[in-house]
Amino acid sequence: MNNRKKGRVAVLLSGRGSNFESICRYSKREDSNFEVSFVISNKKKALGLTLAENFGIPNLYISAKKFPTRSGYEDHLIKILKEQNIDLICLAGFMKILSERFIDAFRERIVNIHPSLLPSFPGLHAQKQAVDRGVRVSGCTVHFVDTGVDSGPIILQRAVTVDPDDDERSLSEKILKYEHELFPKAIELYFNGSLKISDGKVIIEK
Ligand code: GRF
C-alpha cells in the first residue's frame, strides 16, 4: 500500500470541465500522487460543478460580480484555497485573468492548459487562430502561470497535425483528446518534484 501523502489540487473552471474530469479520473488511480480536493467555478451553470458533485468533490460557485473589486474577489479565492491547504491550482478552462496579487500568493503553484503550441496563439480562440493562420501543426501546452497571458514557463506540450479540411471545431476536438492526457501527466510530474524552473524555463528532472 502507498502511504505517501497525496498532493492537494484545486481546479478552477468556468465551463464544461472535461479537463477537470480527466484530472479527476487520473487522480483516482491507486498509484496517483495527487487528489482533486476542491473545485471553484466563476460560472453558476458550469457543467464542471455538476461533475464535481458527481465525483463527491467539495465545490463552490464564486461569482466575481458579487465583489466590488477584483482584489476583493481574488482575496476571497486566496482565503478559501489557503484554508483548504491547496498545494497546486489547476486552471482548466477558467475564463478569468488572475492578477499579480493572486499569482504572488501561489507563486509557481498555478498551472494552466492552453489549446495551442505556445508561444503561438495565446489568448482566446486559439484553435481558430491556428486554423485561420493555416499552420500545419498545432497542439496543447501545460504551463506555469505568470502575470502575462499564456506566457509562463512551459511544462509539457503535445503536437497534432492540422489537416487541410480541419475547422475550429474539428481541430478543437483533436487537441482536447491530448489535453486530457497532458494535464494529469504535468500534475504528476509536479508532485514528483520533477519540475524546476530556471531562467524562465522548466527543467524536467528524472
Ligand atoms: C480547453 O480547451 C482548455 O485548453 C482551455 O479551455 C478549454 C476548457 O475545456 N483553456 P474543458 O472545460 O476542460 O472541457
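The structure is a predicted model, in which local features need pLDDT of at least 70 and side-chain atom pairs count only at pLDDT 80 or more, while totals for chains, interfaces and linings use all residues. Residues are numbered from 1 along each chain as its sequence is written, and side-chain values use heavy atoms, leaving out hydrogens and water.

The ligand is surrounded by R16, G17, S18, N19, G93, I113, H114, P115 and E179 (each with a heavy atom within 4 Å of it). Oxygen atoms of the ligand lie 2.6 Å from a side-chain N or O atom of R16 and 2.5 Å from one of S18. For N19, a backbone N or O atom is 2.8 Å from a ligand oxygen atom. Taken alone, the ligand exposes 370 Å², and the protein buries 86% of that (Shrake-Rupley method, 1.4 Å probe).

Helix α5 spans residues 126-133 (helices are DSSP runs of H or I with at least four residues, strands runs of E with at least two, numbered from the N terminus). Its buried residues are A126, Q127 and A130 (buried means under 20% relative accessible area, with a 1.4 Å probe and protein chains only). These residues cover an arc of only 100 degrees around the axis, which puts them on the same side of α5 (the arc is that of the directions from the helix axis to the C-beta atoms). Their cover includes β5, β6 and α6 (contact means heavy atoms within 4.5 Å). After α5 comes G134, with a positive phi near 75 degrees.

V145 sits in the loop between β6 and β7. Because its relative accessibility is 16%, V145 counts as buried. Leaving aside residues up to four places away in sequence, V145 touches L91, I103, I110, V111 and N112.

How values were computed:
Buried < 20%, exposed > 50% of the residue type's maximum accessible area, 1.4 Å probe, protein only. Polar contact = N/O pair within 3.5 Å; in protein donor to acceptor, adjacent residues only side chain to side chain.
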